Each structure stands twice: as C-alpha cells, then as structure tokens.
Amino acid sequence: MEAIRTEKVGRLFKARRGTKEVRALAEIDLIVPPGEIFGLLGPNGAGKTTLIKIFSTLLLPTEGKAYVLGYDVETQFRELRWHISMVSGGETSGYGLLTVREQLWMFSQFHGIPTKTARRRIDELLEVVGLTEWADTRIYNLSTGMRQKMNLVRSLLSDPEVLFLDEPTLGLDVEVARDVRGYLVEWMKEGERTILLTTHYMAEADQLCDQIAIIHLGRVLTVGTPEELKRQAGFRERYRIEVDGVADPALLRSFGPVDTVSMDGGARLTVTLDRERGSGELIRVVGDLAGVRSFTREEPSLEDAFIALTGRGLEDLPPQE
C-alpha cells in the first residue's frame with residue numbers, strides 16, 4: 001500500500017474580490033511509497049502548501065481523490081488524523097502563558113500518550129533541537145527560531161506514520177538545522193515511516209530526499225530521485241582547471257565551451273564537454289599544460305537541475321496569480 005496516492009487532485013479557491021476562481025492545483029497524480037522522504041520543490045505559490053494541507057486533512061480537494069495510508073482524506077479524516085502529524089515553517093501555534101514543557105505535554109495528552117512516556121520523549125526531543133535549557137520558559141518569550149524547534153518536537157511526539165514538514169528548518173540556524181536533518185534520518189530508520197517535505201533549501205532536499213516532485217503553477221512538472229532529475233536536465237560533464245599565469249584556452253576549446261575567470265596570479269577555466277568527447281582525452285591534454293594547480297570534475301547540483309528543468313531559479317520564479 002502506498003503511503004500517499006493522488007488521482008487527478010485539483011483545488012480551486014475563490015478570489016478575494018469578485019467571483020473569479022483561482023486554481024491552486026491541477027490534475028496532481030503522485031505516488032509516495034512508504035519508508036521514503038519525498039520532497040516537493042517549487043516557488044512560493046506553486047501549490048506545495050495547498051497539497052500538504054489536503055494530505056493532512058486541513059483542506060478538501062475540489063477535484064480528484066487523495067489517500068494517505070489508504071484513508072480517503074475526505075471521508076476518513078478522523079481515522080487518518082491519529083496516524084499523521086504536520087509542522088509548518090514559521091507557525092505560531094501555542095498558548096503563550098504555558099512553558100515549552102507544559103505546551104508539549106498538553107499536545108501529548110491530545111494524542112493519548114501516557115504521561116511517563118510523554119515526559120521521556122519530550123526530554124529526548126528537546127535535547128535534539130537544543131531547547132533543554134528553555135524547557136521551563138513561557139512560549140511568549142521564545143524567539144521565532146525557538147518556536148520552530150518546539151513545533152518540530154510537537155510534530156514528533158506522537159511518533160506519526162506519515163510526517164508532513166512544510167519548510168521545517170525555516171528560521172533555524174545552520175547547526176540546529178543540520179542536527180534536525182540528522183535526527184529525521186535516524187527517526188526514519190526506527191520503523192516504516194514516511195516524510196513529505198517542502199523546502200526552499202536545495203541542498204537540504206538533495207541530502208534528505210529519496211524522490212522529489214517539482215511543482216510549478218499547481219502542476220507536477222516531473223518526479224524522480226535527485227540523480228534522475230539531474231540526468232533529466234541533460235547535464236554534460238564539466239571540469240574546472242586552475243592554472244598559474246595567463247590562461248590560453250585555445251587547446252581546450254576543441255572539447256567544448258570554455259569559461260575563463262582571472263584569479264590571483266592565475267586563472268580558472270571551466271570546460272563543458274561536448275557529448276562526443278571523452279574525459280580521458282581531456283585529462284591527457286591538461287596533463288601537458290604548464291602551471292596546472294588543480295583539475296576537478298564539477299558535480300551538478302539539484303539547483304542546477306531545477307533551473308534547467310524550469311528555465312529559472314527557485315527564487316526567481318513568480319508566484320502563481
């Protein structure tokens with residue numbers, strides 16, 4: 001059984017003024033196998049958050065069907081909610097007069113978790129996100145980043161089978177974000193769990209996700225592993241050569257386009273191989289050049305793939321009207 005499955009899911013919203021309808025999602029067909037971290041990449045307004053809200057029973061689709069763990073999100077939402085959890089970047093949920101520990105204990109009781117188990121889990125998770133020393137701090141005194149840490153702990157308390165994370169590391173410093181990613185990877189190993197993740201951080205998606213769907217203007221453009229997306233983008237091998245003195249790229253141009261950048265005391269040349277040329281011959285030619293400092297192969301990033309597949313960078317794509 002798939003962890004998540006959709007059949008031509010669509011979602012329409014009424015415009016704020018007038019009777020015009022705005023389409024947020026159109027004909028979404030997705031299958032997310034159990035045990036995967038599945039990523040949704042796209043610009044603001046692409047439909048990622050709308051889709052997650054449908055899966056987490058906070059919104060109904062206006063077209064098509066959506067299933068999570070085999071439950072129909074429209075007709076079996078009460079049963080489904082015991083098996084899922086969600087956290088959004090920047091959410092402000094909570095009761096300001098409660099302390100962090102009191103707030104988390106209250107949510108544990110909503111899920112029917114025995115108090116002894118809940119307190120142990122709370123302490124473990126607060127340590128993971130670096131909130132132990134603020135456990136007795138009232139929520140209204142927390143910074144945005146601290147609230148986000150608390151919300152991550154809250155989402156994991158019930159040990160959900162499917163966890164929806166909408167920009168989970170938004171507002172977290174680099175070190176804590178790294179710790180959270182590491183914990184999620186270990187958490188996935190403890191049982192057959194599934195994470196659906198949206199993020200604007202390409203490196204985060206590349207590191208965590210087994211598969212990624214790229215969404216733009218409410219439609220799925222493509223789905224694949226990070227490596228498959230890079231191959232779909234049609235990348236050619238690219239090599240970086242750093243040399244002393246003034247660079248003469250003439251010998252390298254027969255292999256493909258050459259970009260030259262002046263450096264302190266030398267130059268950096270980047271060669272993109274034509275498809276019919278092999279790297280072995282390039283290596284022999286570079287070996288005969290004088291003053292070579294370094295010779296490295298550049299690996300395409302997921303951001304490179306996104307730009308190639310959509311034609312623009314993630315932050316450059318306009319939001320859906």
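Hi everyone, let's start at Thr50, which is in contact (heavy atoms within 4.5 Å) with Arg11, Phe13, Ala24, Leu25 and Leu59, leaving aside its neighbours within four places in sequence. Before going on: this is a predicted model, where local features need pLDDT of at least 70, side-chain atom pairs count only at pLDDT 80 or more, and totals for chains, interfaces and linings use all residues. Residues are numbered from 1 along each chain as its sequence is written, and side-chain values use heavy atoms, with hydrogens and water left out.

Is Thr50 buried or exposed? Its relative accessibility is 14%, so Thr50 counts as buried; the cut-off is under 20% relative accessible area, with a 1.4 Å probe and protein chains only. Thr50 sits in helix α1, residues 48-55; helices here are DSSP runs of H or I with at least four residues, strands are E runs of at least two, and both are numbered from the N terminus.

Now to the sheet. Six strands make up an open sheet with mixed pairing, in the order β7-β8-β9-β4-β10-β11; two strands pair if DSSP finds at least two bridges between them. β7 (84-88) and β11 (219-224) each have a single partner strand, so one side of each is left without a neighbour in the sheet.

Which way do β10 and β11 run? They are antiparallel, joined by five bridges, and Ala213 stands opposite Val223 in β11.

Finally, Ile212: not counting residues up to four places away in sequence, Ile212 touches Gly39, Leu41 and Leu302, among others. Thanks, everyone!

Definitions and conventions. Buried < 20%, exposed > 50% of the residue type's maximum accessible area, 1.4 Å probe, protein only.
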